[in-house]
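Open the model in your viewer and keep the selection tool at hand.

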Amino acid sequence: MLYYLLYPLREYVFGFNVFRYITFRTAMAAITAMLISFILGPWLIKRMSQIKLGQFIREEGPQSHHQKAGTPTMGGILILVAILVPTLLWADLSNPYIWIVLFVTFAYGAIGFVDDYRKLIKKRNLGLTAKEKFTMQFAVALVAGLAIVYLPQLNAEAVRLTLPTITTDVATDDPTRLTLPFVSGWLITLGILYIPFLMVVIVGASNAVNLTDGLDGLAIGSTLVAAATYTILTYAAGNFRVADYLRIAWVPGSGELAVFCGAMVGASLGFLWFNAHPAQIFMGDVGSLALGGAIGCLAVMIKQEILLLFVGGLFVVEALSVIIQVISFKLTGRRVFRMAPLHHHFELSGWNETQVVVRFWIIAVIFALLSLSTLKLR
């Protein structure tokens, strides 16, 4: 909204021309998100404590976690507000990508809210059934997939006609093609299989972040790294000169997503202030499902679906540890890890919580740097 209010004033005041730049608005979105978090955070923690919306700890988990019982949860509400307001203030709201990623983020947040609410009502660490959760997640992903494939394409050709000098071989009208890291150009066309693939990416990312959310600051710190990485990637994908130079997919209009990513960075930093060990509040499924869905949606919209395996490498490893544990136990009756997800394995191996979190953050940063290195190694 501020974009529409202030940018037209450039004709009268020279300084207002700065509002045209995505980089400036991204920085402002990040700052705004942090301020919202710092202002609303203490109030939300106090309010959650008053109405006794406290976390329930599963009995089979590490014993050190039982002291966290009763810590206010559903802090993802704060994250969602801190993302929504700056995005509406600083982004170009005529851009369809902004509305698609907001839809996915808040739809998944709503699913998480229902899940968290059921847990609190039942006073057990059980909410939605797996069937209920996956049905709703895939339904949202289907709607988002159809929008991603068809809505932005309405204006894509008009944008290309204004840029006749573009030479990148990834400027294409086929939205069902995939790019691979370390390789220049399009390699795979999925056709009708693209939307099912897209749905798996979004749902998988959402649940991977959800599985990572088990220690103070772990999920939000890792999300911060991924969001910062996507701030760079979305800007590059939306700038035809940068995309052409790096030989990556150029997606007209996707650069505006950098503003959303900036809001995610600011919201993550703000929430980490309260979620750092010992946590004053947990994000709950309302936060983890929403953030994961947003990350998966961003990856799809900028045509970097495969690169998500690197950007969100820590989330992938955490999810794989659960899959491996379940398969091994069902087939052999033995567990590969002391406990899954992986962060609990290291806790039970003798690492304290802070060691696990900080070391996993370092791993997340390494994955992020590896993903960014692929931009030129093509």
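Helices here are DSSP runs of H or I with at least four residues, and strands are E runs of at least two, numbered from the N terminus. This is a predicted model: local features need pLDDT of at least 70, side-chain atom pairs count only at pLDDT 80 or more, and totals for chains, interfaces and linings use all residues. Residues are numbered from 1 along each chain as its sequence is written, and side-chain values use heavy atoms, leaving out hydrogens and water.

**Stop 1: Leu35.** Select Leu35, in helix H2. Leu35 is partly exposed, at 48% relative accessible area. (Buried is under 20%, exposed over 50%, partly exposed in between; 1.4 Å probe, protein chains only.)

**Stop 2: the surface patch.** H2 gives the largest share, four residues.

**Stop 3: Asn95.** Move to the loop between H3 (76–90) and H4 (96–122) and pick Asn95. Asn95 counts as buried, because its relative accessibility is 10%. Beyond four places in sequence, Asn95 contacts Gly253 and Glu256 (heavy atoms within 4.5 Å).

**Stop 4: Met264.** Which residues does Met264 touch, beyond four places in sequence? Show Ile83, Thr223, Ala227, Leu291, Ala294, Ile295 and Leu298.
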